[in-house]
Amino acid sequence: MKLIQKTIIPIILLIAVILVGIAYFSRAALEHALIQQEFERIKIISERANLPEVGDEAAHDELGPHEEGGAEAGRIINREHFESPKAPTSRLAFQRYMVEFKDPTVKQIYIADNEGKIIATNVQNSTLTKLTPVGLAVLNGQGLYSISTESGGDFLHSYIPFIFDGRLVGAAEIKSDLSHVLRPIHDEMNQIILRLIFTGLVALAVIYTIEKLIIIKPIEYLQLQAQAIGRGNLNKKVALNSSDELGVLAQFFENMRQRLKISREAEEAKLEASIQSLKFGFIILDENKNVLMANNAANAILGKIKNSTGFKALTSYFRDKFNLTAAYQRCVATKEAVVSGEIDAGDKTFKVSLFPIVTEKVIGVVVIIDDITEAVLLVRKKEEFFTVAAHELRTPLTSIRGNMSMIKDYYKEKMNDPQVIDMVSHAYDSSIRLIKIVNDFLDASKFENGASITNIEKVDMVKIAMDVVTEITAVAKAKGLRLIYNPNPKLPPVLADPTRLKQVIYNFVGNAVNYTQQGAVEVQINPEGDYLKLTVKDSGIGISPQNQRLLFQKFQQAGKTVLSRDGSVGTGMGLYISKLLINAMKGNIGLLESSNKGSIFFFTIPIAKV
Amino acid sequence: MKVLLVEDDGYMAQLYQNLLGLEKFEVDMAGNGQQALDSLRTMQQLPDLILLDIMMPQMDGFQLLEELKRDEKLKNIPTIVLTNMYAEEARARAKSLGAKEFFIKSEQDPKDLVEKIKTILMGV
């Protein structure tokens, strides 16, 4: 419709204006011609009126206007009448002249002298004394006319000059009715305009109908189709039974729709196949919690999911173990993923994650249902294994160590042979070493298998380092080493497992004391960004670059081959376990530098936020 | 002084029995938590201290600690947990259930245990 308003209506209006304009110009031209003709007729009538012998056609035709010299003597009005207009003969002459007009259209006649003063008229009780200025202006010409309209009628005012011997002596103003000339034209004109309006309206209706059928309807159709395609509805064929530009446009739309449909179907097929192939349950919910899609895994877990009742089925499946509705609402409100903990649903354990589908707003939620039954079982089995293995391995070792210790402490006097004392002592030492190895192996396996450190708390690392230094000081002193540590009590606490943290610091300081023959071992703790950094600097012989690569790896004592390993120093697992532990506590660990003057080891551990 | 030793492993039980005997303690023995509870409830004279293992059949050390705390007559007897469980959680749990001390058997020598026992009994 807007298209019509914009294009057709202005054209129609323009045509109408032009037609009406033409009609009016034609009327004006016609009127002008007819009035001119009427004026000429009045001129002839006035000419005849001045001839005494009416009916002498030949004499009339030969005579020109009043100025025709010589013939003057034969006229009703002549020059003398104007020279003495008040004389009875003059008056009579004027009266006669005016009577001679005998034309029904002539209404009033005024005769004026050459100054415009009215000297005779056929109007009863006329108070007019002078001709109108228009009339006076004519007195030197061929005559002139003007038009006036009075009480609904149109009148012609003809000004006819009286010229005798080439001299203008006066003029007559003849007012005649024009209605008989103009009325037919006006009537005809009104008819024409009415017909024009009617024809125009008919034309408009016809054009509109044609436009509607040929242009608007197809355009509206294309508009609807384009909107449908825009909304993603690609199933409706676009077809216009037309070979014009709109038909071509429709064909273009149709091609576009087909291509879009094919590519979308391909995308959907890929997506569908991908989603169906997922091992975990995958459900798409719309903003009204209707299930838009559920993959096979989801159906296998929950039973066949129906679109409308799917959400209810989901919530009732988890019952009080997991509040899916609350999780859905939180996911939509925060526009962030919501992940459940372990959900114990009878014989199975699940983890449910909700991910919002966000455009400008959240238009739905993807629900992932992960069957973690086996994973949970595996973790439990692993934990059980490590607990049982630790217990079962340590118990006999503890028995050996305890008994050896008791022999040393309580039965020494019963052993007469010093060799026996030595043997007991060796057995005791070996049992302790074996316990350490078992502990290291169990630790390493546990963290290699993905165990996490759960006992994370706010810990005063400065104090723990102090405890370690205190415990090792005796060993250092015995070797003639200085063990330096100036604790800074202002440092913030860290997030760590205190036992594990102590184990790492013990490993660092112990290693430094073990591998340094003279000089000093210095422990420092400094803040570094969001971390506290502990460094242990020794004055040992340093570690060669090729051996540096082996640090923090399993069973490595830097600089030792398998055969030359020194079992009395350690298992070669210390740094490896330290790395596992520090990483599990979200810190970093490494060798800062090493030269022939010594090495610096470091680790970082996150500061506990207040 | 009387000590109740709750330990399921025969060798370890014998080791600590020996140790406590050498240190002149009177020792009562139990093979698991249930046995310990039964004998405590029928005893004429209650022990001055209970040494208990954690990993035991029937009733483990943690359960025994809970039962002891529930019993008005027994809840004030000091306890030392003897175990080879290293986990910090185990130590924390034992402490929260009222154990006075947590002794890792493989990490320390028997005479260290004697020191801990004496410290606790002196303090009583």
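Which residue of E15(A) is the bridge partner of Leu483(A)? In E15(A), that partner is Val521(A). The model examined here is predicted: local features need pLDDT of at least 70, side-chain atom pairs count only at pLDDT 80 or more, and totals for chains, interfaces and linings use all residues. Residues are numbered from 1 along each chain as its sequence is written, chains are lettered from A and ligands numbered from 1 in the order in which they are written, and side-chain values use heavy atoms, with hydrogens and water left out.

The strands of chain A come next. Helices (H or I, at least four residues) and strands (E, at least two) are DSSP runs, numbered from the N terminus. Two strands pair if DSSP finds at least two bridges between them. Strand E13 of chain A covers residues 482-485, and strand E15 of chain A covers residues 520-528. E13 and E15 pair in the parallel sense, over four bridges. E15(A) is also joined to strand E16 (residues 531-538) of chain A. Here eight bridges connect the strands, which run antiparallel. Val521(A) has Asp538(A) as its bridge partner in E16(A). E15(A) and E16(A) form a hairpin with two residues between the strands. In this hairpin, Gly529(A) takes a positive phi near 65°.

Most residues other than glycine have a negative phi, and most peptide bonds are trans. Lys102(A) has a positive phi, near 50°. Lys102(A) sits in the loop between helix H4 (88-99) and strand E1 (106-113) of chain A. Residues are called buried under 20% relative accessible area, exposed over 50%, and partly exposed in between (1.4 Å probe, protein chains only). Lys102(A) counts as exposed because its relative accessibility is 64%. In chain B, Lys24(B) has a positive phi near 65°. Lys24(B) lies in the loop between H1 and strand E2 (26-30) of chain B. With a relative accessible area of 70%, Lys24(B) is exposed.

Asn296(A) gives a further case in chain A. This residue belongs to helix H8 (residues 296-302) of chain A. Asn296(A) is partly exposed because its relative accessible area is 48%. Between Asn296(A) and Gly281(A) there are 7.3 Å in space, C-alpha to C-alpha, and the two are 15 residues apart in sequence.

Chain B has five helices and five strands. From the N terminus on, its elements follow the order β-α-β-α-β-α-β-α-β-α. Of the 124 residues in chain B, 52% are buried. Contact means heavy atoms within 4.5 Å. Among contacts in chain B between residues at least 6 apart in sequence, 64% join residues at least 24 apart.

Is Asn32(B) buried or exposed? Asn32(B) counts as buried, because its relative accessibility is 5%. Its place is the loop between E2 and helix H2 (33-42) of chain B. A polar contact is a pair of N or O atoms within 3.5 Å; within protein, one must be able to donate a hydrogen and the other to accept it, and residues adjacent in sequence count only if both atoms are side-chain atoms. The side chain of Asn32(B) reaches two backbone nitrogens: that of Gln34(B) at 2.9 Å, and that of Gln35(B) at 2.9 Å. Leaving aside residues up to four places away in sequence, Asn32(B) touches Val6(B), Met56(B), Pro57(B), Gln58(B) and Met59(B).

The two chains also meet. The size of an interface is often given as the accessible area lost when the parts come together. Buried area is the accessible area (1.4 Å probe) that two parts lose on being put together, summed over both. Between chain B and chain A, this area is about 2,000 Å², and carbon and sulfur atoms give 57% of it. In chain B, Met55(B), Asn84(B) and Glu88(B) lose the most area to chain A, together 25% of what that side buries. The contact involves 23 residues from chain B and 21 residues from chain A.

A salt bridge is a side-chain nitrogen of Lys or Arg within 4 Å of a carboxyl oxygen of Asp or Glu. The rule finds two salt bridges across this interface. Asp109(B) and Arg401(A) meet in a salt bridge through their side chains (2.9 Å, N to O).
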